Amino acid sequence: MDALIWIGATALIIVLPLWLPRWRLKLALARPLPAAILAVMERNIPVYSRMPAGLRAQLQRLVAQFLYQKKFVGCDGLEIDDEMRATIAGQACLLLLNRHSKVYPELSTILVYPGEFVVGRKQVGPGGVVSHSEDGLLGESWGDGRVILAWDHVQRGAADWSYGHNVVLHEFAHQLDSESGQPNGAPYLGDTASYHNWSAVLARDYAELRHDAIYRQHSVMDHYGASNPAEFFAVATETFFEKPHQMAERHAALYAEFQKYYRVDPREWLSPPAPREHAAHP
């Protein structure tokens, strides 16, 4: 009898730490999101109200899990409130719709600054010479479980969904990119065949954006995406969700790859842009 009790107690000690977090998460997801959080999503995710009911329900569940699992930290005196938490969580979870994946499993903490923040850099140059610099940033995605955001630019992205610049979408695209290892513009796609087509299409459009950036030609995507393949993926993600009609017209194959990866078509949530008026010739 003592042996059975000992075996049962040992099994409980092993199983309980695995079962308890799942049970707590299940309880958290069973509770509907508070009305205040839903109101923020309506206000700060302009496409939310135009999404089908099924996708809205999906997004609500993802946001509930995000808010339950992730820690928000205010920096430089910023006090975190529900507006900040729901805005960031809602926009970040747009990238996870229709995907059978965990909610940013490597991410634990979101640090939020009131505005631009400064990050120190150390670079080793030729001959081992070490130089130090300080860069002002609006957002950054780290490989140690942190994302850093400037709240004023999160607000700017929420206020104008057609702008094509969204710091939340950008930094959380980097998080997805990192799931396959180092961020390099090739997130986890599932099979080798998918990588062949992805690589060919993104390499071509990345080269085109680099050309546009060098010669200062207009592009649907921000020229910052020409910095490297990882930034190209993040910038293209912003464009996919905020300028889907323009991206599909100018970069049809790239749009198709992103549609397969993100498993949504944002054109269904946004009206086509008004045609440009041409000035009349005298």
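Analyst: Axes here are lines fitted to C-alpha atoms, for helices over the stretch in contact, and the angle between them runs from 0 to 180 degrees between N-to-C directions. The model is predicted.

The pair is α2 and α3. Helix α2 covers residues 35-44, and its axis comes within 12 Å of that of α3, with a crossing angle of roughly 115°. The crossing of α2 past α3 is right-handed. On the α2 side, Ile37, Leu38 and Met41 take part, and they meet Leu59, Gln60, Val63 and Leu67 of α3. Sorted by class, this contact has six nonpolar residues, one polar residue and no charged ones.

Helix α3 itself runs over residues 53-69, which is 17 residues. From first C-alpha to last, α3 reaches 24 Å, close to the 24 Å expected at 1.5 Å a residue. Its buried residues are Leu55, Leu59, Leu62, Val63, Ala64, Gln65, Phe66 and Leu67. Of these, Leu59, Val63 and Leu67 also belong to the contact with α2.

Asn44 falls within the 35-44 range of α2. The C-alpha atoms of Asn44 and Arg156 are 9.8 Å apart, although 112 residues separate the two along the chain. Arg156 is part of helix α5, residues 151-159. Arg156 counts as partly exposed because its relative accessibility is 46%, between the 20% and 50% cut-offs.

Thr239, in helix α8 (residues 229-242), is classed as buried because its relative accessible area is 2%, under the 20% limit. Beyond its neighbours within four places in sequence, Thr239 is in contact with Val220, Met221, Pro244 and Met247.

Key. Residues numbered from 1 in each chain as written. Predicted model: local features only at pLDDT ≥ 70, side-chain atom pairs only at ≥ 80, totals over all residues. Heavy atoms only, no water. Helix = DSSP H or I, 4+ residues; strand = E, 2+ residues; numbered from the N terminus. Expected span 1.5 Å × (residues − 1). Buried < 20%, exposed > 50% of the residue type's maximum accessible area, 1.4 Å probe, protein only. Contact = heavy atoms within 4.5 Å. Left-handed = near helix turned anticlockwise from the far one by under 90°. Nonpolar A, V, L, I, M, F, W, Y, C, P; charged D, E, K, R; others polar.
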